[in-house]
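This report is meant for a reader who meets the structure for the first time. Please keep the sequence and the 3D view at hand while reading.

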Amino acid sequence: MRHGAHGRTTAAVAGLLVFSAGLVGCTGGEPAPAPTTTVAASTGPVAKGLPPDPDVATVWPLTGVETDTVADRPALGVKIENSPQARPQAGLEDADLVWEEVVEGGISRFLAVYHSQIPEAVEPVRSVRPMDPAIVAPLDGILAYSGAQPPFIADVRDSGTQSVIMDAGDPGFRRDPARPAPHDVIGDPETFLAQDDGQRTTPPPQLFRYAPEASRATAAGDASSSVEIDVRLSPAQRTRWAWDAGSGTWLRSEGSSPSMSTSGVQHAATNVVALRVEVVDTPYRDASGAAVPETQLVDSEGVALVASAGGYVAAQWSKGSLSDPIELTRDGEPVELAPGSTWIELVPRDGGSWTAGPPQ
């Protein structure tokens, strides 16, 4: 079993921030029981082979939240659908990290990453896409999904990530009789984790930097302010985030409708990070004949928006090799997020946009 961390970090906006079609300007629970280990809090990666400093807090590596012990399990990624037929989803509220990406037809799909909390079920589980290996490779963990075209599955394998696949007959998947196919696959995260091949990095490496507390995050603003982030991924997907001072989180909406879980809670994030990205069509087609898009992340960089604790800042993002994490910087200095969950919006350079500021 490998133990280690190869995480690095990133990024930086104030007033009313607008990004549209390549332009940026300023205008204006208890975790599931598991074997545990100790990981010292750090604003960067944890050095291999060094014992934790007793005077430094222990934190969950993918959230920066303090804890007594860290579960000795790998990161688990799960592909979750976000078409209108897939809502409400199950289990997204327990994810440490959620990536939202554009797929065929302009709809979005999630890659949710679990470590500090493991839900009883996730739904609906769907297939992998070409950009997913670049997202999960830095975690050296497990990715569960319903299936994919053979080249996409091969790319996940070549990224060093272990696949758990419904179409391959792997355990942990079942059908929901209350939903129509293909929006009906329920995943069992504990069963996915039980298939760990023993070659994963446990606990996972830290991917982002975290401030000791929310008020010291790079993007922290007035916690009592009224702020909204409006992200348009495509004509088919508009994602809105509204700061909620009471919960200290950004509440998610699908357009004008709250984004809800089957548990009845509205999806929320401690941090929202939007990355301007290049999206290209691959030679592959889906069942309807539509081109399968790929978000370009490897050896790429661009502008970013980082929102934490009622504030937001403009930033830069970059990613080197496949196994390198996203780095966020602002004025050349690493960005520190607020301790908690983070949702990352992959906003196409062409056709995508975001605005941030007081609600309109």
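The text below goes from the whole chain to its cores, then to one helix and its surroundings, to salt bridges, and to some backbone details.

## Basis and overall make-up

This is a predicted model, in which local features need pLDDT of at least 70 and side-chain atom pairs count only at pLDDT 80 or more, while totals for chains, interfaces and linings use all residues. Residues are numbered from 1 along each chain as its sequence is written, and side-chain values use heavy atoms, with hydrogens and water left out.

The secondary structure of the chain comes to three helices and 26 strands, where helices (H or I, at least four residues) and strands (E, at least two) are DSSP runs numbered from the N terminus. Of the 360 residues of the chain, 54% count as buried; buried means under 20% relative accessible area, exposed means over 50%, and partly exposed lies in between, with a 1.4 Å probe and protein chains only. The accessible surface of the chain comes to about 14,000 Å², and 50% of this belongs to carbon and sulfur atoms; such areas come from the Shrake-Rupley method with a 1.4 Å probe, and for residues only the protein chains shown count as cover.

## Nonpolar cores

In soluble globular proteins, nonpolar side chains tend to be buried together. A nonpolar core is here a set of buried Ala, Val, Leu, Ile, Met, Phe, Trp, Tyr and Cys residues joined through side-chain atoms within 4.5 Å. The largest one has 38 residues, of which V78, I80, Y114, I229 and W250 touch the most other members. Leaving aside neighbours within four places in sequence, V78 is in contact (heavy atoms within 4.5 Å) with residues including F110, L111, A112, Y114 and F192. Apart from this core lies another, of 37 residues, with L62, A304, V313 and I344 among them.

Which residues of helix α2 (residues 150–158) are buried? They include F152, A154 and V156, and what covers the buried residues of α2 includes α1, β8, β9 (162–165), β18 (271–285) and β19 (291–296). Two of these covering elements, β18 and β19, run antiparallel and are joined by five bridges, a pairing that requires DSSP to find at least two bridges between the strands. V279 stands opposite T295 in β19, and in the hairpin of β18 and β19, which has five residues between the strands, G289 takes a positive phi near 95°.

After α2 comes G160, whose phi is positive, near 90°. S159 lies in the loop between α2 and β9 and is buried, with a relative accessible area of 12%. A polar atom of the S159 side chain lies 2.6 Å from the backbone oxygen of V156. Not counting residues up to four places away in sequence, S159 touches P133, V136, A137 and L322.

## Salt bridges

Side chains of opposite charge can pair when their charged atoms come close. A search of the whole structure finds 17 salt bridges, each being a side-chain nitrogen of Lys or Arg within 4 Å of a carboxyl oxygen of Asp or Glu. The table shows some of them.

| Pair | Closest N to O distance |
|---|---|
| R129 and E104 | 2.9 Å |
| E345 and R252 | 3.5 Å |

R129 forms a salt bridge with E104. R129 lies in the loop between β7 and α1 and E104 in the loop between β6 (97–102) and β7, so this pair ties together parts that are 25 residues apart in sequence. R129 is buried at 9% relative accessible area, and E104 is buried at 10%.

E345 forms a salt bridge with R252; E345 lies in strand β25 (residues 342–348) and R252 in strand β15 (residues 249–254), so the pair ties together parts that are 93 residues apart in sequence. Salt bridges that share partners join R87, E100, R252, E254 and E345 into one network.

## Backbone details

The peptide bond from E123 to P124 is cis, with omega near -10°, and P124 lies in the loop between β7 (108–114) and α1 (132–136). The bond from A181 to P182 is also cis, with omega near 5°, and P182 lies in the loop between β10 (173–175) and β11 (185–187).

D140, although not a glycine, has a positive phi of about 50° and is buried at 7% relative accessibility. D331, likewise not a glycine, has a positive phi of about 55°, but D331 is exposed, with a relative accessible area of 74%.

Notes: Polar contact = N/O pair within 3.5 Å; in protein donor to acceptor, adjacent residues only side chain to side chain.
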